[in-house]
Amino acid sequence: MKFLVGISRVFVGVLFIISGFIKLNDPLGFSYKLAEYFGQDVLNLPFLEPYSLMISVLVVVFEVVLGVFLLIGYKPKFTVWSLLLMIVFFTFLTFYSAYFDKVKDCGCFGDALKLTPWESFTKDVVLLFFILILFAGVKHIKPLFGKLGTTVLALLSFIASLWFGYHVLMHLPAIDFRAYHIGANIQEGMTVPEDAAKPVTEYAWKFKVNGEEKIITTNGSYPSVEGEFISVDTKEISTGYEPPIYDFSIETADENLTDYFLNRDNLIVVISYNLESIEQGGALKLKALQDEARRNGYEIIGLSASGEAAKQRISEAYDIDFKFYLCDEKALKTIVRSNPGVIELDKGTIKQKVHWNDLDDLKLPKVERAPEPVKVENILYQIDGVTATKAEVEALDTDTIESVNVLKDQNEELDSINTANTNNYTGIVKVMLKK
């Protein structure tokens, strides 16, 4: 028994420290996962969502120090009871998540190691087994050092964990396990290999055949059966390959500019997933950042999931005029754990990333920016379907005009005219006169 307790002590202690440290490295990310669990679709505890970050820090600090307590033998009964209660709770949570298919990733190892719900549950069951061994043989857990030395080590582990959690919250995770780490290329992260595994979905078709219900299962094709169709249910068998980055975009209400900006050099991107909750201290620094970036030849834009009204208020309140584009909130929370945060992109590659507290560390040496290409507009003018000149259109009496229709950018009619006449019109102004 003593040998089993010794093995379990090392295994459980090391695993708790590793798991806790990975989450402590990114407590904000773990708080997002907790908020997901607290949501109405999972545990239905929405009143806890505002406290997700506080709970996140407390849980991961406790997880790390329990691992240290176990290894050094500090207060064995308290430590083992705490481990048992914690693992019973998380085993229930992962089982609930897996069985009811509520949360796709438990966040047990942060972004360092993704586990499916059933893998997370299995991991917790294994841990529960070893913790039960510790519970049964708690008398064999002896301190590694004297009482004073063990107490000092326990206290230091608690203080160090709290300090580290505070430090990464005020700056950024010490180790970035996400797909948006410095050096990563966003375009490459969104690429799906040609030989990537495809998702597999099972279709259960229900028919009434000769007065009886019959279910036929296919991979998607409509079954050949003589009968009355009733319904069809789908079940995902395999998700297939999912690229590391799948929800990133840079958009306006009218167009998608993702490819355009991911091909730009020296691009500074201010990220605020929610402008309503932007940190005032960070927002106050944006004006100086904007001016320095432009002075040194950089282009600067913003990304947010907030609406136009919020963007306008922030621009006016903090005297900034760079444009905020639209991006998915979850993607923005993943890119940088700061509101606001700043990254530098060079043809889609992340060169720098900083918390707003560290904006002074952002290096913006002067760069030469190539002049923007001048867009030459070639407009086709028509009066009642007949080609005309701009002067002829402008000379028309407004009282004689029934309607004016302007077509710009890509559209089928413009493409058809350009193809038929080997022209390169960029727009059409169609004037219809009153009859």
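Tutor: Welcome! A contact means heavy atoms within 4.5 Å. Helices (H or I, at least four residues) and strands (E, at least two) are DSSP runs, numbered from the N terminus. This is a predicted model, in which local features need pLDDT of at least 70 and side-chain atom pairs count only at pLDDT 80 or more, while totals for chains, interfaces and linings use all residues. Residues are numbered from 1 along each chain as its sequence is written, and side-chain values use heavy atoms, leaving out hydrogens and water.

Student: Which helices do the buried residues of α5 pack against?

Tutor: Helix α5 covers residues 117-136. Its buried residues (under 20% relative accessible area with a 1.4 Å probe, protein chains only) include Pro117, Phe121, Leu127 and Leu134. The helices they pack against are α1, α3 and α4.

Student: Is Ile133 buried or exposed?

Tutor: Ile133 is part of helix α5, where it touches Met1, Leu4, Val5 and Ser8, leaving aside residues up to four places away in sequence. Its relative accessibility is 13%, so Ile133 counts as buried.

Student: How far apart in space are Ile133 and Leu267?

Tutor: Along the sequence, 134 residues separate Ile133 from Leu267. Taken from C-alpha to C-alpha, the distance between them in space is 56 Å.

Student: How many residues of α2 are buried?

Tutor: Among the buried residues of α2 are Pro27, Phe30, Leu34 and Phe38. What covers the buried residues includes α1, α3 (52-72), α4 and α6 (147-170). Helix α2 is largely enclosed by the rest of the structure, because of its twelve residues the number buried is nine.

Student: What is the volume of the largest cavity?

Tutor: A cavity is a set of points on a 1 Å grid over the protein atoms alone where a 1.4 Å probe fits but cannot get out. The search of the whole structure finds one cavity of 30 Å³ or more. Counting the space filled by probe spheres set on the points, the volume of the largest cavity is about 230 Å³.

Student: Which residues are the closest to the centre of the largest cavity?

Tutor: The lining holds 20 residues, each with an atom within 4 Å of a point. Those closest to the centre of the largest cavity are Lys23, Glu63, Phe90, Cys108 and Lys123.

Student: Which helix gives the largest share of that lining?

Tutor: Four helices each supply at least two lining residues: α1 (2-24), α2 (27-38), α4 (76-99) and α5. The largest share is five residues, and the helix that gives it is α4.

Student: Which residue in β12 is the bridge partner of Leu380?

Tutor: Strands pair if DSSP finds at least two bridges between them. Five bridges join β9 (residues 379-383) to β12 (residues 427-433), and these two run parallel. On its other pairing, β12 meets β11 (residues 401-408) in the antiparallel sense over seven bridges, and Leu407 stands opposite Ile428. The partner of Leu380 is also Ile428.

Student: Where is Pro340 found?

Tutor: Most peptide bonds are trans. The bond from Asn339 to Pro340, however, is cis, with omega near 10 degrees. Pro340 is in the loop between α12 (329-335) and β7 (341-346).

Student: What is the phi of Asn266?

Tutor: Asn266 lies in the loop between α8 (258-261) and β4 (267-271). With a relative accessible area of 16%, Asn266 is buried. Although Asn266 is not a glycine, its phi is positive, at about 50 degrees.

Notes. 1 Å grid on protein atoms, 1.4 Å probe; cavity = no way out; pocket = protein on both sides within 12 Å on 5 of 7 lines; lining within 4 Å. Buried < 20%, exposed > 50% of the residue type's maximum accessible area, 1.4 Å probe, protein only.
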